[in-house]
Amino acid sequence: MIRYTEIFRPDSTGGIFACFTADRDGRWADDAPETVDNYIRFGKQLGFAPDRIVRTRQRHTDIVIAADRANGGDGIFDAASRKICDGAVTDTPGLLLTVITADCVPVLLSDPVKRAVGAVHSGWRGTSEKITENAVKLMHERYGSDPADIIVYIGPHICKSCYEVGEDVRECFSGHFSDQSLKRYFKPEREGKYLLDLESAVRDTLESAGIKKENIRSSGMCTFESKELYSWRRDHLQNHSILTVIGIQSGADGKYMSEKQSEGERIANRLTGC
């Protein structure tokens with residue numbers, strides 16, 4: 001079994017479920033057979049067949065896509081099918097959105113009114129370019145989500161006490177945030193170096209996009225400080241990462257999958273020997 005921490009429970013969020021893996025040795029970032037098997041096993045553990053999981057090609061962009069049933073299975077068995085983006089939103093029940101992080105900020109968005117969700121990978125580049133704002137806008141445009149109804153969860157990431165960056169990073173932020181904000185986000189550490197508060201920048205961007213302050217929640221966990229979580233800056237292990245996911249239940253019976261076994265589920269059974 002793959003260990004995970006639950007974020008949203010379906011019975012308290014109108015059928016929206018979310019969690020992040022709590023395994024320092026989790027492998028989610030490459031295309032090795034072991035990685036593919038991890039997605040299959042974890043999906044099955046949560047009740048999602050491989051053809052209901054959406055895996056994107058994260059490249060530190062500000063791009064957010066709207067995913068639907070046609071995107072189910074993207075990037076699981078065929079790497080070429082992954083869309084280049086760092087965020088996805090959907091209102092399709094039974095679809096599982098995924099985000100891979102290893103110090104960057106995973107941001108989940110949940111609209112229980114319109115039953116729409118989003119998953120965003122917000123590294124320093126995406127944060128500087130306000131990718132979370134793009135996700136909120138896309139949820140409003142596609143699904144009619146009112147930002148005031150959206151609940152946001154900020155997952156484990158490197159905290160402001162551990163994230164040292166250079167002048168180049170501060171320069172990128174300067175084109176998108178005020179001088180006053182920069183003073184709050186960047187604490188001078190030594191010549192040409194700063195400690196960056198990514199979470200504050202993400203929070204400010206979300207609030208500017210219309211999200212209520214009280215609707216933004218955080219794990220409060222630092223990947224660098226936690227021995228239970230993987231950190232690229234601390235561990236430097238290729239392809240290891242944390243997987244954060246969010247999805248909407250399908251059907252009135254409260255199950256994620258339909259009663260009929262899908263082709264993807266049959267594939268999963270063959271590969272896992274179930």
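Helix H3 has 13 residues and spans 18 Å from its first C-alpha to its last, close to the 18 Å expected at 1.5 Å a residue. The expected span here is 1.5 Å times one less than the number of residues. Helices (H or I, at least four residues) and strands (E, at least two) are DSSP runs, numbered from the N terminus.

This is a predicted model, in which local features need pLDDT of at least 70 and side-chain atom pairs count only at pLDDT 80 or more, while totals for chains, interfaces and linings use all residues. Residues are numbered from 1 along each chain as its sequence is written, and side-chain values use heavy atoms, with hydrogens and water left out.

**H3 and its surroundings**

Let us stay with H3 for a moment. Its buried residues are Ile-131, Thr-132, Glu-133, Ala-135, Val-136, Leu-138, Met-139 and Tyr-143, where buried means under 20% relative accessible area, exposed over 50% and partly exposed in between (1.4 Å probe, protein chains only). These buried residues pack against E4, E5, E7, E8, helix H2 (124-128) and H6. Just after H3, Gly-144 takes a positive phi of about 75 degrees.

**The sheet**

Two strands pair if DSSP finds at least two bridges between them.

H6 is also the place of Thr-205. This residue is buried, with a relative accessible area of 3%. Leaving aside neighbours within four places in sequence, Thr-205 is in contact (heavy atoms within 4.5 Å) with Lys-130, Thr-132, Glu-133 and Phe-177.

The largest nonpolar core has 38 residues, and Leu-109, Val-152, Phe-173, Phe-186 and Leu-196 have the most contacts inside it. A core of this kind is a set of buried Ala, Val, Leu, Ile, Met, Phe, Trp, Tyr and Cys residues joined through side-chain atoms within 4.5 Å. Among the elements that each supply at least two of its residues are strand E7 (105-111), strand E8 (116-122), helix H3 (131-143) and helix H6 (198-208). H3 gives the largest share, six residues. Phe-186 touches Val-165, Val-169, Arg-170, Phe-173, Tyr-194, Leu-195 and Leu-196, not counting residues up to four places away in sequence. A second, separate core of 22 residues includes Ile-16, Ala-88, Val-99 and Ile-242.

**Strand E6**

Strand E6 (residues 96-101) is mostly covered, with six of its six residues buried. Leu-96, Thr-98 and Ile-100 point one way and Leu-97, Val-99 and Thr-101 the other. E6 runs parallel to strand E3 (residues 53-54), with two bridges, and antiparallel to strand E14 (residues 242-248), with six bridges. Ile-53 has Leu-96 as its bridge partner in E6, and Ile-100 has Leu-243 in E14.

**Aromatic pairs**

The structure holds nine aromatic pairs. Rings of Phe, Tyr and Trp (its six-membered ring) pair if their centres lie within 6.5 Å; planes under 30 degrees apart count as stacked, over 60 as edge-to-face and the rest as tilted. Two of the pairs are set out here.

| Pair | Centres | Planes | Type |
|---|---|---|---|
| Phe-8 and Tyr-153 | 6.4 Å apart | 75 degrees | edge-to-face |
| Trp-28 and Phe-42 | 5.7 Å apart | 55 degrees | tilted |

Phe-8 in strand E1 (residues 4-8) and Tyr-153 in strand E9 are 145 residues apart, linking distant parts of the chain. Trp-28 lies in the loop between strand E2 (16-21) and helix H1 (33-46), and Phe-42 in helix H1, so their pair ties together parts 14 residues apart in sequence. Trp-28 is buried, with a relative accessible area of 1%. Tyr-4, Phe-17, Trp-28, Tyr-39 and Phe-42 form one aromatic cluster.

**The whole chain**

The chain has eight helices and 14 strands, and buried residues make up 56% of its 274 residues.
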